[in-house]
Amino acid sequence: MGDTTTRRAETEGRADIYQRITDRIAAAIEAGAGEWRMPWHPGADGMAPTLPVNAATVKPYRGVNTVVLWAAAQAERYPSRIWATYRQWAELGAQVRKGERASPVVFWKISDKEEQDDAGEGEEDGRRSRVFARGYSVFNAAQVDGYAAPALPMLPEAERIGHAEAFFAAIGADIRHGGARACYVPSLDQIRMPPFEAFRDPVAYYATLAHEATHLTGHPSRCARDLRGRFGDEAYAAEELVAELGAAFVCADLALAPEPRPDHAAYVASWLKVLRGDKWAIFAAAAKAQQAADWMHARQDAADQAKAGQSRAA
């Protein structure tokens with residue numbers, strides 16, 4: 001039984017990983033299009049998506065792996081954020097149940113030579129390079145026996161909101177409040193937000209700010225993100241997808257639940273068009289989104305170091 005499951009997972013892992021992951025994510029986006037509910041939005045239980053974590057390494061998955069595992073968890077209604085390969089589960093003393101279907105993830109490697117079958121978009125810059133993805137198959141903790149998932153502590157909402165406030169303050173963005181529309185103005189390098197009280201609750205405010213802050217990271221002085229060469233006429237929709245994913249990564253870190261935004265419904269058809277026509281597109285978009293989230297997190301480290309320096313000086 002175990003050998004059969006292992007062989008099937010390994011066979012799936014050798015298939016065209018780019019197409020498999022693209023198809024999974026595109027199907028999840030299409031399924032939620034009617035309610036504008038994407039894989040990175042809360043599921044039927046209303047719980048905020050948390051970053052998926054590998055059971056063996058206890059490290060969170062990143063980039064496109066986060067998105068595809070969110071999609072799998074939402075489709076299958078898995079309550080756990082913990083995943084591992086068949087062998088990793090066995091090493092942990094757990095057993096994947098017979099008949100359970102694996103979910104795909106990728107591991108990025110750098111080849112010493114061009115590998116025409118596997119070479120694709122590099123995780124860092126989205127360009128064709130010698131960086132290639134090797135597919136692996138993972139199973140959720142809900143698919144195994146003999147494993148007790150640790151309880152996930154959840155801070156009270158007031159503390160989570162406080163963390164979000166400090167997080168975005170550390171970015172150092174020029175944020176102006178007023179009007180009825182949230183947006184980032186590249187020519188002024190400025191974020192515009194409706195008044196705080198215009199939002200349903202603080203979580204909605206910070207989830208929207210996370211989206212606009214991701215746009216902010218595209219400025220030449222930050223991540224220098226220009227998608228026109230990569231996506232052509234679909235660059236604007238692709239940038240919105242990057243902003244959606246970047247905001248989702250940040251919100252997951254901050255334990256905030258981004259709600260569907262009907263004003264983004266117009267982009268869904270464009271996202272599906274791009275994904276269906278280019279199996280590397282979601283890899284490029286997710287990599288750019290992860291880069292944006294990493295940039296914002298790096299600002300937190302800089303702010304902490306500055307505070308520590310001020311404390312020592314005092």
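**Entry: V58.** I found V58 in the loop between β1 (53-54) and α3. Helices and strands here are DSSP runs numbered from the N terminus, helices being H or I with at least four residues and strands E with at least two. V58 has a positive phi of about 60°, although it is not a glycine. I also noted that V58 counts as exposed, because its relative accessibility is 61%. For the cut-offs, buried means under 20% relative accessible area, exposed means over 50%, and partly exposed is in between, with a 1.4 Å probe and protein chains only.

**Entry: ground rules.** This is a predicted model, where local features need pLDDT of at least 70 and side-chain atom pairs count only at pLDDT 80 or more, while totals for chains, interfaces and linings use all residues. Residues are numbered from 1 along each chain as its sequence is written, and side-chain values use heavy atoms, with hydrogens and water left out.

**Entry: the whole chain.** I looked up 10 helices and 10 strands in the chain. Of its 314 residues, 51% count as buried. Among contacts (heavy atoms within 4.5 Å) between residues at least 6 apart in sequence, 72% join residues at least 24 apart.

**Entry: helix α3.** How far does α3 reach from its first C-alpha to its last? Helix α3 covers residues 64-76, has 13 residues and reaches 18 Å, close to the 18 Å expected at 1.5 Å a residue. The expected span is 1.5 Å times one less than the number of residues. I then checked burial: 10 of the 13 residues of α3 are buried, so the helix is largely enclosed by the rest of the structure. Among the buried ones are W70, L69 and N65. Just after α3, R77 takes a positive phi of about 60°.

**Entry: Q88.** Q88 sits in helix α4 (residues 86-91). Is Q88 buried or exposed? Q88 counts as buried, because its relative accessibility is 19%. Leaving aside neighbours within four places in sequence, Q88 is in contact with N54 and A56. The side chains of Q88 and N54 are joined by a polar contact of 3.0 Å. A polar contact is a pair of N or O atoms within 3.5 Å; within protein, one must be able to donate a hydrogen and the other to accept it, and residues adjacent in sequence count only if both atoms are side-chain atoms. I also looked up V138, which is 50 residues from Q88 in sequence and 9.1 Å away in space, C-alpha to C-alpha.

**Entry: the loop between α6 and α7.** T217 is found in the loop between α6 (202-216) and α7 (228-231). T217 is buried, with a relative accessible area of 0%. The T217 side chain makes a polar contact of 3.0 Å with the side chain of R225. Leaving aside neighbours within four places in sequence, T217 is in contact with several residues, including A224, W295 and M296. A224 lies in the loop between α6 and α7 as well. A224 has a positive phi of about 50° although it is not a glycine, and A224 is partly exposed, with a relative accessible area of 48%.
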